Structures are given as C-alpha cells and as structure tokens.
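Please read it alongside the sequence and the structure shown below.

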Amino acid sequence: MAKPLICLFLCVLVYFSPVKESRVFANTIKQPLVSEHELNELLSNHPSLQGAIAGVSVRSASTGQLLYTYNGDTRLTPASNMKLFTAAAALTTLGKDYIFHTELLTDGSIKWNVLTGNLYMKGKGDPTLLPENFDQFAKELRLKGIKMISGDIIGDDSWYDQVRYSIDVPWSDEAAYYGAATSALTASPDKEYDAGTIIIEVSPNEKLNKTAKVVVRPQTNIVNIINKTQTVSPDEVSNIKISRGHGNNVITIEGKMPLKASNLKERIAVWEPTKYALDLLMQSLKKQDIKILGSIKEGTAPEHAKLLLSHHSMSLSELLIPFMKLSNNGHGELLIKEMGKVFKGNGSWKDGLEVEQVALTTLGLRTQEIEIRDGSGISHMNLVPANEITALLYHAKQMDWFPIFEASLPIAGNTDKMIGGTLRKRMKNVPLKDNVKAKTGTLTNVSSLSGFINANNGETFIFSILLNHLKDEASGKQIEEQIIKILANNAI
C-alpha cells in the first residue's frame with residue numbers, strides 16, 4: 001500500500017478525533033449512585049481484596065456521565081478486557097466487512113495434467129482455515145485438470161513478520177491453546193477457530209494395563225505423540241497430563257485413565273503453524289491423487305506468480321463472535337498485525353499497535369494513560385484505568401458499528417456457547433441472567449469484567465471491574481458478581 005494513503009488515513013483519524021468533546025463528561029461532578037456506600041463497603045472490606053487492588057468505574061450509558069469510581073484512574077492489568085480495545089480499533093480501521101484471503105499461486109503452467117512449476121500457498125492472516133478448506137483447494141486443483149505437480153509445495157507466511165509470540169508471552173504458555181504462535185498461514189481444528197492448535201482426545205482402552213487410546217484432530221504428521229498412559233481399574237482416579245516440548249512438536253501423554261472413564265479432550269498449540277497448514281494441504285492433495293515430485297518447504301512466492309485459487313474468510317463482524325465470546329487470544333494478535341500490514345505496510349505488533357493507538361484516540365480515549373502490549377490481553381504488562389474502559393464502551397455506543405460490537409459480548413447465563421460465551425456458566429439467575437453483556441478477563445492473580453447491565457429502574461449502566469494481585473482469581477469472579485448485583489438492584 002502506498003505510503004501517502006497510509007499517512008492520509010492516519011491524519012484523517014486524528015483530524016476527526018472527538019477527544020476534546022468526549023472528555024467533558026469525565027470532568028463533570030459525578031452523580032452518586034444510591035448504592036455508592038454499599039459498593040465502597042464491599043471494595044474496602046472484602047477479605048479477598050485485602051492486599052489486592054480493585055479499580056471500578058460506572059457510567060450512565062445514555063450520557064456517559066461518571067456515576068461511581070473506585071481507583072478508577074489507577075492503571076491496572078485488564079487481562080482479556082484488552083480485547084475490547086482491539087475489537088473497537090479493528091472495526092474503526094479495517095471495518096466490519098473486512099475479510100482475510102488465502103491464495104494458491106504458481107510460477108509455472110498447466111500442461112497435459114501437470115503443473116510444471118511450484119505451487120505456493122500464501123497466507124494473509126486468515127485464522128479460520130479448517131481442514132475442509134484445504135480439501136476444497138485440492139478438489140479445485142483437480143478440477144483444473146492437475147494430476148501432478150513437478151515442483152515444490154511452498155508455504156508463504158511473509159504477509160506478517162516472523163515474530164511468532166507477543167512480547168510478554170512466557171515460554172510455559174507456548175503449548176497452551178491460548179498461547180498459540182501467530183502466523184499469516186495457519187489452520188484451526190474446528191469452528192471455535194483456535195488457530196495453530198490441534199485437539200488431543202484420550203479415551204480408556206478396553207483392557208486393563210494397556211495404553212489409553214489417543215486421537216489427534218485433525219490428523220497431522222507434524223506432531224509426534226509419545227503415549228505413556230495406562231488404563232486402570234474404574235475405582236482409580238484419572239490423572240492424565242498432556243504436554244508439548246519447548247520448540248518442538250513432541251507431545252507426551254502420561255498418567256492413568258480408568259476403565260469406562262469419560263474421554264478427555266485438550267487443545268494443544270503446535271510449533272510452527274505454517275508447517276501445520278502445509279501438512280494439511282499435502283494430505284488433501286493426496287486424497288485427490290495429485291502426485292508431488294518436489295519437496296515441501298517454506299518460502300516466498302515471486303511477484304510474477306499467477307493466482308490459481310483464492311479463499312476468503314468470514315467477515316470481521318462474524319469473526320468477532322468467536323474472538324470476543326470465546327476470548328480467542330490468537331484472533332486478537334492477528335488483528336493487531338493485520339492493522340499494521342494494511343495501514344503501515346508491515347504486519348508486526350509494533351506497527352499494528354501504533355495504528356490501534358491512533359484509532360483509540362479517535363474514540364475519545366486518553367491513550368497516554370494506557371499501556372498496550374498486545375491484542376489479546378495475555379500480557380501482565382498491559383495497563384488500563386477502569387475509567388478508560390467505560391469511556392471506550394460509551395464512545396463505542398455512538399459508532400455505527402456498535403450493534404456488531406455489542407453482539408460479540410458474552411451474555412450472562414446463556415448456555416449457548418456462541419451466545420453466552422465465557423459467561424455461559426456464570427450469573428445464571430435473575431436479575432443477572434440475560435441481563436449482563438460483558439467481556440471477561442482472567443490471568444494469574446487477575447480477574448476483570450467490563451460491559452453493560454440493565455438496572456431495575458430502567459437505567460443501563462456501563463461498568464468496568466479490574467481486580468489485580470488476587471491470591472485466587474476465582475474469588476474475583478464472586479466479587480464481580482456481587483458488584484453487578486448491586487448495580488442491577490440500584491434505584492436512582
């Protein structure tokens with residue numbers, strides 16, 4: 001993309017920034033909630049908050065006026081509440097209809113059922129590629145008459161830089177599904193779209209003392225499974241542990257699995273997702289009896305390469321559902337890199353975060369008060385005041401994309417995973433069930449919840465609750481729900 005266009009975009013964002021107007025409400029004298037004393041008592045005296053830090057902010061959804069604040073300007077770690085900023089910035093910059101592409105290209109030609117040359121699969125950030133999409137690629141190549149490829153199969157992930165992990169991801173999270181590597185060419189095992197992961201399913205053998213059965217979905221040759229399990233009597237306790245080595249795809253499964261025990265499913269991130277996507281394509285080509293004479297490797301498609309096939313993802317408005325409802329970390333990091341690629345020509349965290357900061361400025365945020373290290377919130381170094389989160393949510397309400405943003409938030413107590421999301425097992429009773437739309441957040445010693453609650457007087461409140469330095473983050477969930485219940489029962 002031409003640099004003048006990039007500069008023009010960024011200048012337009014700054015020029016139309018509603019910063020001066022938007023901060024007026026933050027400086028007005030707040031109208032206290034009738035329940036202010038009750039909130040202060042809870043936050044000052046709750047045993048789980050002794051030695052911890054709580055930041056709470058409540059605004060009127062209709063006016064944006066600050067109604068209650070408790071350490072509201074103190075910068076705290078937001079955990080996955082950071083996804084609220086990423087989603088808002090992506091909608092502001094990329095737009096609700098934005099889609100990702102994956103391309104098959106060649107530097108050769110098709111003659112006598114042979115593709116004479118290399119086949120390139122170029123990824124452009126799509127986190128929603130499923131095994132069936134690779135099957136469709138192979139079927140369409142076959143329909144073009146290709147029965148043999150004389151050259152190599154080359155995976156091209158150069159759309160983004162080669163930095164796979166955001167700056168603060170610990171090595172211990174690299175095998176976890178929520179810490180999967182970021183690549184412009186990747187794949188997901190199912191429609192939860194955890195890109196760069198596989199699903200390991202462990203079930204008991206029919207015979208005692210035999211190893212448990214292990215199934216990998218989708219089946220891939222890039223992982224090496226070491227099965228050290230044992231099927232034991234039904235009265236024993238299951239203690240299966242699944243781990244992946246650092247910097248490799250050796251997955252070790254060990255422990256005891258009782259007879260007739262329920263199957264255990266766990267998502268594991270793979271090392272180097274580009275190789276994973278390439279392997280799935282190779283398997284699909286074999287299913288179509290397309291012979292490969294060359295090798296399988298990574299590289300970059302030449303500029304003169306011709307487009308054979310293209311696949312596009314769902315729109316950003318659809319992608320926000322698994323991103324926000326399921327708190328999908330990988331989507332957050334891909335969106336940051338995509339913003340950097342589209343508007344600064346470089347798919348990196350540095351450039352993407354710079355674009356995000358400009359976008360957030362146009363949404364009325366005091367970005368100088370915020371430290372953003374990634375798009376998912378996995379970093380403990382992200383720092384945001386609760387008052388800035390409620391400011392973001394108020395200004396988002398004024399945008400034409402707000403209905404899409406709101407629809408992506410988990411809904412309390414709704415058991416449908418793609419509606420209730422991370423709140424489907426929480427706040428299951430009146431007055432909170434189906435009455436709270438909010439983004440959850442959890443890290444070690446951190447719990448957060450920010451969104452919207454309808455009070456019994458007809459008022460809608462915007463709230464943000466950030467709890468840091470907890471001994472047990474599970475206790476933070478209980479405190480959040482106590483606060484929300486106070487707001488729901490408030491009568492001004």
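In this predicted model, 3 strands form an open sheet whose order is E11-E10-E15, and the pairing within this sheet is antiparallel. Strand E11 (213–217) and strand E15 (264–269) are the edge strands, each of them pairing on one side only. On average, and with direction ignored, neighbouring strands of this sheet are turned by 25° against each other. The pairing of strand E10 (residues 197–203) with E11 is antiparallel and extends over 5 bridges, and valine 202 stands opposite valine 214 in E11.

A second open sheet has 5 strands in the order E17-E9-E7-E4-E18, and here the pairing is mixed. Its edges are formed by strand E17 (296–298) and strand E18 (306–312), each of which pairs on one side only, while the twist from one strand to the next averages 20°. Strand E9 (residues 153–156) and E17 run parallel and are joined by 3 bridges, with isoleucine 154 standing opposite lysine 297 in E17.

| Helix | Strands it lies across | Angle |
|---|---|---|
| H6 (residues 131–143) | E4 (101–106), E7 (119–123) and E18 | about 145° to E18 |
| H7 (residues 273–287) | E4, E7, E9 and E17 | about 145° to E9 |

What is the volume of the largest pocket, and which residues lie nearest its centre? The volume of the largest pocket is about 880 Å³. Its lining is made up of 31 residues, and those nearest the centre are Tyr177, Tyr178, Leu326, Ser327 and Thr422. Sorted by class, the residues lining the largest pocket comprise 7 nonpolar, 13 polar and 11 charged ones. The element that gives the most to this lining is strand E20 (residues 436–443), which contributes 5 residues.

Note on methods
Residues are numbered from 1 along each chain as its sequence is written. This is a predicted model: local features need pLDDT of at least 70, side-chain atom pairs count only at pLDDT 80 or more; totals for chains, interfaces and linings use all residues. Side-chain values use heavy atoms; hydrogens and water are left out. On a 1 Å grid over the protein atoms alone, a cavity is a set of points where a 1.4 Å probe fits but cannot get out, and a pocket is an open set with protein on both sides within 12 Å along at least five of seven lines; lining residues have an atom within 4 Å of a point. Grid points are joined across faces, edges and corners, and a volume is the space filled by probe spheres set on the points. Helices (H or I, at least four residues) and strands (E, at least two) are DSSP runs, numbered from the N terminus. Ala, Val, Leu, Ile, Met, Phe, Trp, Tyr, Cys and Pro count as nonpolar, Asp, Glu, Lys and Arg as charged, and the others, Gly among them, as polar. Two strands pair if DSSP finds at least two bridges between them. Axes are lines fitted to C-alpha atoms, for helices over the stretch in contact, and angles run from 0 to 180 degrees between N-to-C directions. Contact means heavy atoms within 4.5 Å.
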